Amino acid sequence: MKLNKVPARTGLTWIGLGFQTFRRQPFALGGIFFLCFGLSQVLQLLPIVGTVSSLVLAPALQLGMFSAARRAVQGEFPMPSTAFEGLAAGPGRRHMLVLGAMFATIMILLVLFLQLIVPMGEINVAADAESTVPPEVMAEAVLQAINPVAVLLFTVLSLLIYLAFFHAPALTHWHGVPPVKSLFFSVTALWANAGAVMVFLLAWAGIGLLAVGMSLQFGLLLGGKAGASSFVAVSMLMLAAVFSISSYFCYRDSFIADTTAQPLPDAGNDPT
C-alpha cells in the first residue's frame, strides 16, 4: 500500500466533504454517532471495567463512523449495525480488539505516568463532612484541586495518541493490516500529510470555538443559562459527528490503494 501526499489545503476539503456527506444522510449518520457516543458513555458509568471497555472499543467505534461515512458516499443508507462493523464475527474482530487493547493500555499508562510526575492535587474538604458540604462548595473545591499542568499535558499527549491511531482501525479492518503495522502506517501517513492534518485540526478548532460562542448567545437569548448549556452541548455533539465523518476523508485520501469508496469531487488527491 502506497501513501498518497496531498497539499495542505486539502485539510479544508476534508471538512467540506464531511459537512456535505452529513447533509446527505443527517438522521442516519447522526443516529450512528449518538449510538457510538451513548455506548461509550454508558460503559464509563461502570467503575474501572467500564472505562477500560470503552477504551478498548474506541477504535472499533471509530471504524463504525468511517463505515457509515463510506456507505453514505456510495449512496447507501447506513444502518445502525454499521456502528459495530469492526466487531463482526471473523478474523478482523480479533485484530480490532488487539488494536483496542493497545489503545487502552497506552491511555492507562499515560494517566498513571502523569499521576507520578504531576499530581492532580487534593480536595480540601474533610471526608467525614462531604455529605454536609453544599454542592457548589464541593464543585469549587474540586476545581481548585485540578492541576492545570496535568490537564494540559494529558490533553496534548492524549491528542497525540489519538492521532497515532487515526488510520489504524480502517487499515486493520479493510486491508487486513496487523495492529502493530497498522499503527506504524497510520503515524507514517499522518507525518507525510502533516500540513493537511494541521490545517484540518486547526480549522476544526476554529469551527468549535465559533460554534460555542454562537450557541452561548442563542442559548442565553432563548433560555438563559440552562438554554445556553443545552445549545452548547447539542452543537458540540453535532460537530463531533461531522468531525468523525470528515476524518474518513483524511484516511481515504492518505492511501492510494483505498478502493473501498467512490471519491467525491475535489478530493484533493496529489499523485505525486
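Here is a short chat about the pockets, a surface patch and the salt bridges of this predicted model.

Visitor: Before we start, what needs a pLDDT of at least 70 here?
Guide: Residues are numbered from 1 along each chain as its sequence is written, and side-chain values use heavy atoms, with hydrogens and water left out. As this is a predicted model, side-chain atom pairs count only at pLDDT 80 or more, totals for chains, interfaces and linings use all residues, and what needs a pLDDT of at least 70 is local features.

Visitor: How many helices and strands does the protein chain have?
Guide: Elements are DSSP runs numbered from the N terminus, helices being H or I with at least four residues and strands E with at least two. From the N terminus on, the order reads α-α-α-α-α-α-α-α-α. That comes to nine helices and zero strands.

Visitor: Which element gives the most to the lining of the largest pocket?
Guide: A pocket is an open set of points on a 1 Å grid over the protein atoms alone, where a 1.4 Å probe fits, with protein on both sides within 12 Å along at least five of seven lines; lining residues have an atom within 4 Å of a point. The largest pocket is lined by 32 residues, with F33, A58, Y162, F243 and S244 nearest its centre. Two or more lining residues come from each of helix 2 (26–44), helix 3 (49–73), helix 4 (91–117), helix 6 (148–164) and helix 9 (194–252). With nine residues, the top contributor is helix 3.

Visitor: And what is the volume of the largest pocket?
Guide: Grid points are joined across faces, edges and corners, and a volume is the space filled by probe spheres set on the points. For the largest pocket, that gives about 1,100 Å³.

Visitor: How many charged residues are in the lining of the largest pocket?
Guide: Asp, Glu, Lys and Arg count as charged; Ala, Val, Leu, Ile, Met, Phe, Trp, Tyr, Cys and Pro as nonpolar; and the others, Gly among them, as polar. The lining has 22 nonpolar and 10 polar residues, and the charged count is none.

Visitor: Which element gives the largest share of the lining of the second largest pocket?
Guide: This pocket has a volume of about 350 Å³, and its lining divides into 12 nonpolar, no polar and no charged residues. The largest share, five residues, comes from helix 9.

Visitor: Which residues are linked in a network of salt bridges?
Guide: A salt bridge is a side-chain nitrogen of Lys or Arg within 4 Å of a carboxyl oxygen of Asp or Glu. R70 pairs with E85 at 3.8 Å, R71 with E76 at 3.3 Å, and E85 with R71 at 3.5 Å. R70 lies in helix 3 and E85 in the loop between helix 3 and helix 4, so their pair ties together parts 15 residues apart in sequence. The network is R70, R71, E76 and E85.
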